[in-house]
Amino acid sequence: MSTIDEAGAADTFLRPHHGRGRYRCLRPKGLVDLRGHTDPPAVLVYPADAVVVVSGLPGSGKSTLMERWSRAAPAIDPRAVHLACEALMPDWLPYGVYRPWARLRHFQWLRRQMRRMTPLLVHDCGSRPWLRRWLARAAGRQRREVHVVLLDVGADEALAGQRARGRCARPRVFARHQRGLDRLLAAVPAPDAACPGTAVRPVPALLAEAASIVLLDRVSRQHVAAARFDRWP
């Protein structure tokens, strides 16, 4: 049976394996940019009651990533609410008519899960800063942390992902999500030679509510196989 190799903080995620069958872990702190890494840590370890927001364009792989991680925590994905509402409506009624009701149901689901004080995975398109702020305020009152995982796979890859799953966002909707994500990515500072690779980089002001931000691209997204929620020493 495989074991998990504990990592102490963001500055240890590139250390070598310690034995066959073990997986490297990362306890994210501050800004951790894993884009361009072909051998990232296999497990992200968060505090036991953390709220982890997974952001990215439609088709970027958010739902797939959350499904892989869902053994560790409940996953709040608006697609599940969409499908549940769709099952109750007549086939001839377009989704746009009952979208406000579906969004209300989604928010109610999210509020109920927040009250349970369990770890939580939250699907986010990246264009709704009010949601992250609300989560941060609610989590702050409960003395919990909000962490962000940001998928940066590019528009072409996201559009290909939509085609592969057979669900395509309208161009206007996709463009709005892309603008929101571009604002987040523009706020991420480039690697700084004055900041050594072992240092914990601060999160940008635009995401100041997050205790950590982990950036993943198409390659590193595939390698981070699991999340774990532990009591930190």
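Modeller: A nonpolar core is a set of buried Ala, Val, Leu, Ile, Met, Phe, Trp, Tyr and Cys residues joined through side-chain atoms within 4.5 Å. Buried means under 20% relative accessible area, exposed means over 50%, and partly exposed is in between (1.4 Å probe, protein chains only). This is a predicted model, where local features need pLDDT of at least 70, side-chain atom pairs count only at pLDDT 80 or more, and totals for chains, interfaces and linings use all residues. Residues are numbered from 1 along each chain as its sequence is written, and side-chain values use heavy atoms, with hydrogens and water left out.

Colleague: Which element gives the largest share of the largest nonpolar core?

Modeller: That core has 29 residues, and Leu-110, Met-114 and Leu-135 touch the most other members. Elements giving two or more residues include helix H3, helix H4 (129–141) and strand E8 (146–151); helices (H or I, at least four residues) and strands (E, at least two) are DSSP runs, numbered from the N terminus. The largest share, 6 residues, comes from H4.

Colleague: Which residues does Met-114 touch, leaving out those up to four places away in sequence?

Modeller: Contact means heavy atoms within 4.5 Å. With that rule, the partners of Met-114 are Val-51, Leu-120, Trp-134, Leu-135, Ala-138, Ala-139, Gln-142 and Arg-144.

Colleague: How many residues of E8 are buried?

Modeller: In a regular strand the side chains alternate between the two faces of the sheet. In E8, Val-146, Val-148 and Leu-150 point one way, while His-147, Val-149 and Leu-151 point the other way, and all are buried. E8 is therefore largely enclosed by the rest of the structure, the count being 6 of the 6 residues.

Colleague: Which residue of E9 is the bridge partner of His-147?

Modeller: E8 and E9 run parallel and are joined by 5 bridges. Leu-151 stands opposite Leu-216 in E9. For His-147, the partner in E9 is Ser-212.

Colleague: How far apart in sequence are the parts tied together by Arg-35 and Asp-152?

Modeller: A salt bridge is a side-chain nitrogen of Lys or Arg within 4 Å of a carboxyl oxygen of Asp or Glu. Arg-35 and Asp-152 form one, with the closest N and O atoms 2.8 Å apart. Arg-35 lies in the loop between E3 and E4 and Asp-152 in the loop between E8 and helix H5 (155–165), so the parts tied together are separated in sequence by 117 residues.

Key: Pairing = 2+ DSSP bridges.
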